[in-house]
Amino acid sequence: MRILLAKSSAVLGSIVLLCAVALPATAGQVIDRIVATVNGHIILQSDWNDALRYEALLSARSISDFNDQERRDVLDRLIDQELLAEQMKSASFPHASEAEATDEVTAARKLYPQGATDDGWRAVLDKFGLTEKALLSHVREQIDLMRLVDAHLRPAVQIDSKSVEAYYREKFVPQLKQSGADEVPLEDVSAKIRELLTQEKVNELMVSWLQSLRSESKVSVPGMEGSPGEGVQTR
């Protein structure tokens, strides 16, 4: 599983909820900005910035490459993540281990040639203003939230044999022919096709679930009408 690189992950996506550290400030100095509240929980500009750093790192993009709409999309995902985090309190599923998070970070390192060495990888993290410890924590949170979604929605998904056969006939075989590969019997790929269709259905249900959670929650985004950096100042 790659973390929030696929479109499904874009719904969900990548999952960041780090708290800003308040530093001493002189009178009138702005420390941070409130960019959203979710059922009374504050999301700060610094949380938004952290989310951008993680998404940029894990997709091998520069933060400066994110346009205004993409930055707003990141904030939108932060709100969804907070809504899901509230559901996690009463859910039961296997939480991600440090080893599993390490495997994902190892995969991310391969996106960067300099990540082949520890010194080079530290340089990459420094470039994004991140630490190895914080990255591991972030990845574990993402895995947990994806498992929450899976545990909540997968039991409701049933993929019948006709759907598998239709996908094989209408999409899988044409793709093989287009690539010039030899045809593969249905029985050899039916399990993979069933899982693919299951994931697609889970993604569809997740959109509906998040919409329902939003309708039942109090969500405020005071700065959304302006630029991505606008919000309510905190002191």
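Modeller: W121 has a relative accessibility of 2%, so W121 counts as buried (buried is under 20% relative accessible area, exposed over 50%, partly exposed in between, with a 1.4 Å probe and protein chains only). The model is predicted: local features need pLDDT of at least 70 and side-chain atom pairs count only at pLDDT 80 or more, while totals for chains, interfaces and linings use all residues. Residues are numbered from 1 along each chain as its sequence is written, and side-chain values use heavy atoms, with hydrogens and water left out.

Y112 forms an aromatic pair with F128 that is edge-to-face, with 70 degrees between the planes and 6.2 Å centre to centre. Rings of Phe, Tyr and Trp (its six-membered ring) pair if their centres lie within 6.5 Å; planes under 30 degrees apart count as stacked, over 60 as edge-to-face and the rest as tilted. Y112 lies in the loop between helix 4 (98–109) and helix 5 (118–128), and F128 in helix 5, so this pair ties together parts 16 residues apart in sequence. Helices here are DSSP runs (H or I, at least four residues), numbered from the N terminus. Y112 is buried at 11% relative accessible area, and F128 is buried at 5%.

Over the whole structure, a search finds three aromatic pairs. The pair of Y112 and W121 is tilted, because the ring centres are 6.2 Å apart and the planes stand at 50 degrees.

Definitions and conventions:
Helix = DSSP H or I, 4+ residues; strand = E, 2+ residues; numbered from the N terminus.
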